[in-house]
Amino acid sequence: MGFIKYIKDEMKIIRERDPAIRTSIEVFLYPSFKAILRYRLANKLYRRKHYFLARWLSQRTVRKTGIEIHPGATIGKGLFIDHGNGVVIGETTIIGDNVTLYQGVTLGGTGKEKGKRHPTIGNNVMISAGAKVLGSFTIGENSKIGAGSVVLSEVPANSTVVGVPGRIVKRDNIKIPREDMDQVHLPDPYLNDVTYLKKENDYLKEEIRKVCKRFDEIKSTCDKLDEVDRLLAELKRQDKIK
Ligand SMILES: CC(C)(COP(=O)(O)OP(=O)(O)OC[C@H]1O[C@@H](n2cnc3c(N)ncnc32)[C@H](O)[C@@H]1OP(=O)(O)O)[C@@H](O)C(=O)NCCC(=O)NCCS
């Protein structure tokens, strides 16, 4: 793709997705424009195994734009990073076409995985300000991740995810009622803890019930023995037995 065509495409993308832009020339002021152009160069260097130069270029870009894109990341056409500051895109991230990211987005790893450690973002996904997507799973195409969310596992296509940890609140633009909200394996540590404690509580209640029952049986046997003792004592008193 020629450089002029690249710039025209970038102008089109930014004009389409940022209502704040007034003239095409403003595109040159956008950190997104600078960061993605430099990423394309750094990625070429990275693929030719010029790792140091690639990282050098990427780190200079961080200083200029506040956007850190690892040169090893794979990025499709039409990425737009609005405002940009604080965006981090990890080495093994794969981004499809026409993705929009806002400031403060992290596409990172959890620190527990090796090899492919970062997410795969489908086409037309929007990831809102401050959202963190951590781990090597896929965000399905056309999905939206709400501002400030922390997404830790797979998101199906056409979903809206919000919260910490992220939960699906809409699919195919239809709200999911809270009571039958399929979490689609998104972890909910609080719910897990409550479920575990409830199970434990039920188990302990059952054990106490068994102990009480056994205690009643023993008490009734003791009462019977007391009665026998009392009868024996009475018989002895009447000299009927020795
Ligand atoms: C997620 C978002 C994209 C909206 O997507 P949507 O599919 O239109 O979803 P809705 O607005 O219908 O919201 C669905 C539910 O999620 C809740 N919700 C929306 N965004 C949320 C967020 N960031 N955190 C927590 N809950 C959120 C809504 O209150 C609503 O809850 P309800 O069903 O109990 O009423 C949007 O709310 C958002 O986060 N935008 C931020 C964009 C951004 O980063 N802008 C920065 C510009 S500088």
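**Close-up views of a predicted model**

**View 1. The surroundings of the ligand.** The ligand is surrounded by 14 residues, the closest being Ser128, Ala129, Gly146, Thr160 and Val162; a residue is near a molecule if its C-beta atom, placed from the backbone, lies within 6 Å of it. Two or more residues of this shell come from each of β14 (159-162) and β15 (167-171), where strands (E, at least two residues) and helices (H or I, at least four) are DSSP runs numbered from the N terminus. The shell holds five nonpolar, six polar and three charged residues. Here Ala, Val, Leu, Ile, Met, Phe, Trp, Tyr, Cys and Pro count as nonpolar, Asp, Glu, Lys and Arg as charged, and the others, Gly among them, as polar. Residues are numbered from 1 along each chain as its sequence is written. The model is predicted: local features need pLDDT of at least 70, side-chain atom pairs count only at pLDDT 80 or more, and totals for chains, interfaces and linings use all residues.

**View 2. The open sheet.** Seven strands with mixed pairing form an open sheet, in the order β3-β6-β9-β12-β14-β15-β16; two strands pair if DSSP finds at least two bridges between them. At the edges stand β3 (80-81) and β16 (174-175), each with a single partner strand, so one side of each has no neighbour in the sheet. Strands β9 (126-127) and β12 (144-145) pair in the parallel sense over two bridges. Met126 has Lys144 as its bridge partner in β12.

**View 3. The largest nonpolar core.** This core has 36 residues, of which Ile81, Leu101, Val105, Ile127, Val133 and Ile145 touch the most other members. A nonpolar core is a set of buried Ala, Val, Leu, Ile, Met, Phe, Trp, Tyr and Cys residues joined through C-beta atoms within 7 Å. A residue is buried if 20 or more other C-beta atoms lie within 10 Å of its own, exposed if 12 or fewer, and partly exposed in between. The elements that each supply at least two core residues include α2 (31-47), β1 (67-69) and β4 (87-89). Helix α2 gives the most, with six residues.

View 4. A cis peptide bond with omega of about -10° joins Val164 and Pro165, and Pro165 lies in the loop between β14 and β15. Asn124, in the loop between β8 (120-121) and β9, has a positive phi near 60° and is not a glycine. Asn142 also has a positive phi, about 65°, and is found in the loop between β11 (138-139) and β12. Asn142 counts as partly exposed because 16 other C-beta atoms lie within 10 Å.
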